[in-house]
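Here are a few friendly notes to read alongside the model. Please keep the 3D view open as you go through them.

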Amino acid sequence: MHIAKQKGCGKIPPKARFTQQEIIHKAQKIMGASGIIPCTACRYCTKGCPQQIPIPDIFASMNKRIGSGQLDESQADYDKLTASGISASSCIECGQCENVCPQHISIIDNLKECSRTFEK
Ligand code: SF4
Ligand code: SF4
């Protein structure tokens, strides 16, 4: 059989097609296994935070540290981000953010980890 004559040759087979949501879920699984916080920076969590904590930006600093080992750069990012005095340790654990996070991230626990990491 000549491959070039096969029906649909060159096209992506139906089973290999994924919806955008499936792709996001697969990426999240991979990120979860690597320790990366699977935040998509949608910022739904920030609007109602009584402490005005820049949650996704803090997570981005942490992901930079975990994902690429940029210790100094991620620390500099975090220090700049929290120069106003509002930081991961400002969280009062009200839970508002976790209720609205579409990725179901344990934001409070992750902020604690960010605090332990960057506020030594
Ligand atoms: S749990 Fe912490 S980070 Fe989340 S909304 Fe409340 S104060 Fe903000
Ligand atoms: S709601 Fe969740 S995914 Fe969206 S920015 Fe906040 S932590 Fe990240």
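1. A residue counts as near a molecule if its C-beta atom, placed from the backbone, lies within 6 Å of it. Around ligand 1 there are 15 such residues, and Cys49, Cys91, Cys94, Gln96 and Cys97 come nearest. Two elements, α4 (96-100) and α5 (107-118), each give two or more residues to this shell, and α5 has the largest share with three. Helices here are DSSP runs (H or I, at least four residues), numbered from the N terminus.

2. This is a predicted model: local features need pLDDT of at least 70, side-chain atom pairs count only at pLDDT 80 or more, and totals for chains, interfaces and linings use all residues. Residues are numbered from 1 along each chain as its sequence is written, while chains are lettered from A and ligands numbered from 1 in the order in which they are written.

3. Now turn to ligand 2. Its shell has 13 residues, with Cys39, Cys42, Cys45, Pro56 and Cys101 coming nearest.

4. What does Leu111 touch? Counting contacts as C-beta atoms, placed from the backbone, within 7 Å, Leu111 meets Ile58, Ala88 and Cys91, leaving aside neighbours within four places in sequence.

5. Finally, look at Ile86, in the loop between α3 (71-81) and α4.

How values were computed
Two residues are in contact if their C-beta atoms, placed from the backbone, lie within 7 Å.
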